Amino acid sequence: MSHKIDDLTEKLLECLEELDHYKANLDTWTDSLDELSEIEDAFEADSRNKLHGKTILDIGTDCVKPLYIALKFEPDKIIGIDEDLSYPYTSDVEQNSKLFTKTEIKLYNCSCFNKERLEKILTKEKQTTSDFVLISKTLHHLRTGECIAKERDQNHECHPDEECCIYKFEEQKIFDRLLQLGKRVIVYEYFCAPEEDDDKVRGRGGYFTTEEWRQIFRHLSENYRVELIKPLRCHLDKKGLKPVIAKLRQIDCICFYLEQSPDG
Ligand SMILES: [Zn+2]
């Protein structure tokens, strides 16, 4: 009897897990729509609100945003990359979007750190530089430095699986690299430092702290042209840093874009 109950419990748990998985996939469609409503002003479409002739590289794509962007703004081409393209609708979006939009959508399983593979893809797609590089909810995954978890938790010790590790975010490297891939880099980021980042892989992930944001924005304002889109629309320079950092404590989403500085 107890065997049977154990079996049933196990089956039920499996079903619940599967249900969670479906729900997460469904949530992507509404979350993506929310994100796009915050991001869209950063594209600066033409007078007809289109991006005709433009190209986009979507790093860490959810495979859904390219479809929404194609339907609304009609750019020429969107390449989406992610190192774990596990959504069940990936190939449907890629194939069947052709029925609804002239925008070419290409989705690839590729990490943006895999320079060689990414270059091959971009050469094949004839899109070595894009007009826009979109980094949505992905910037905090671009951590490449040594583990800094000890700064947050004195008792931290690095384990082989690095589950609790958090790599340092190397702003000097990352943004230069991103600006090699496109003329305008659009960043949308969700952050809530005390909250657990549930799609963190090894030390790559963990939301930014206010101190990390301060460093990132200081570096950006000194080296690039930076425009803030949300929560307020303004040009970001060294003088404007303080109120922006203060504002970060009250919000958990931010959108900005950067380009090469006109005098640099
Ligand atoms: Zn560690």
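Modeller: Eight strands form an open sheet in the order S3-S2-S1-S4-S5-S8-S6-S7, with mixed pairing; helices (H or I, at least four residues) and strands (E, at least two) are DSSP runs, numbered from the N terminus. This is a predicted model, in which local features need pLDDT of at least 70 and side-chain atom pairs count only at pLDDT 80 or more, while totals for chains, interfaces and linings use all residues. Residues are numbered from 1 along each chain as its sequence is written.

Biologist: What makes S3 and S7 edge strands?

Modeller: Two strands pair if DSSP finds at least two bridges between them, and strand S3 (104-109) and S7 each pair on one side only. Neighbouring strands of this sheet are turned by 20° against each other on average, direction ignored; axes are lines fitted to C-alpha atoms, for helices over the stretch in contact, and angles run from 0 to 180 degrees between N-to-C directions.

Biologist: How do you know that S6 and S7 pair?

Modeller: They are joined by 3 bridges in the antiparallel sense, and the definition asks for at least two, so the pair qualifies. Leu 228 has Cys 234 in S7 as its bridge partner, and Val 226 stands opposite Leu 236 in S7. A hairpin of 3 residues joins S6 to S7, and the loop between these strands holds Pro 231, which is linked to Lys 230 by a cis peptide bond with omega of about 10°. Lys 230 also has a bridge partner in S8, namely Cys 255, and S6 and S8 run antiparallel, joined by 6 bridges.

Biologist: Why is strand S2 called largely enclosed?

Modeller: A residue is buried if 20 or more other C-beta atoms lie within 10 Å of its own, exposed if 12 or fewer, and partly exposed in between, with C-beta atoms placed from the backbone. In strand S2 (residues 77-82), 6 of the 6 residues are buried, so the strand is largely enclosed by the rest of the structure. Lys 77, Ile 79 and Ile 81 point one way and Ile 78, Gly 80 and Asp 82 the other way, and all are buried.

Biologist: Why does Asn 49 count as exposed, and what is Lys 137 called?

Modeller: Asn 49, in the loop between H1 and S1, has 11 C-beta neighbours inside 10 Å and therefore counts as exposed. Lys 137, in the loop between S4 and helix H5 (149-152), has 18 other C-beta atoms within 10 Å, so this residue is partly exposed. Neither is glycine, yet phi is positive, near 65° for Asn 49 and near 55° for Lys 137.

Biologist: How do you know that the buried residues of H7 are on the same side?

Modeller: The buried residues of H7 are Glu 212, Trp 213, Phe 217, Leu 220 and Ser 221. They cover an arc of only 155° around the axis, which puts them on the same side of H7; the arc is that of the directions from the helix axis to the C-beta atoms. An α-helix has 3.6 residues a turn, so residues three or four places apart point the same way.

Biologist: What is the length of helix H7 set against?

Modeller: The expected span of a helix is 1.5 Å times one less than its number of residues. Helix H7 (residues 210-223) has 14 residues and reaches 20 Å from its first C-alpha to its last, close to the 20 Å expected.
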